[in-house]
Amino acid sequence: MPHPDPALDERDRAILKLLQQDGRLTNLELAQQINLSPSACLRRVKLLEERGLIARYVMLLDEKAVGLPGTAFVLVTLDQQGRSALDAFEAAIQRHPEVTECCLLAGAADYMVRVAYADAADFERIHTDILTQLPGVVRVQSTLALRTVKRTTALPV
């Protein structure tokens, strides 16, 4: 378990936990759940936003419902690891909505990319027309997820 931020008190932690569970809570609902006045609650939320603890508010879609039931994890190796090569790859990967996550790695591969796809033909298209065509790519190694056991965007606070 991570060390708690000493600047966060229990009410701040409660706000963060509740908003991670349901970002659509109204300020009044949030205030009631943590036993604060609406104005004090709003003030705390604004401070958490200003401090950068709340990065943004988003809606999470169901992959299957939008026709993208497949998830692949792709290890990408580049021909060079210099700053310009990394920058070129990272700029290019941003343009592809099929890529839902991309992480720079320490290890044998340079990046791990999470891809959402519709079916085998769609994944082949992504592999052939997108991933292998990105700047500097010399190798891709794909692993297809059979089933998601746990997936969360919530951080332990």
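Author: Helices (H or I, at least four residues) and strands (E, at least two) are DSSP runs, numbered from the N terminus. This is a predicted model, in which local features need pLDDT of at least 70, side-chain atom pairs count only at pLDDT 80 or more, and totals for chains, interfaces and linings use all residues. Residues are numbered from 1 along each chain as its sequence is written, and side-chain values use heavy atoms, with hydrogens and water left out.

Reader: In what order do the elements of the protein run from the N terminus on?

Author: The order is α-α-α-β-α-β-β-α-β, giving five helices and four strands.

Reader: Which residues of the largest nonpolar core touch the most other members?

Author: In soluble globular proteins, nonpolar side chains tend to be buried together. A nonpolar core is a set of buried (under 20% relative accessible area, 1.4 Å probe, protein chains only) Ala, Val, Leu, Ile, Met, Phe, Trp, Tyr and Cys residues joined through side-chain atoms within 4.5 Å. Here V74, V76, F89, V113, V115 and L131 touch the most other members of the 20-residue core. At least two core residues come from each of β1 (70–78), α4 (83–93), β3 (111–117), α5 (120–130) and β4 (137–144). A second, separate core of 15 residues includes L8, L18, A40 and I54.

Methods: Buried means under 20% relative accessible area, exposed over 50%, partly exposed in between (1.4 Å probe, protein chains only).
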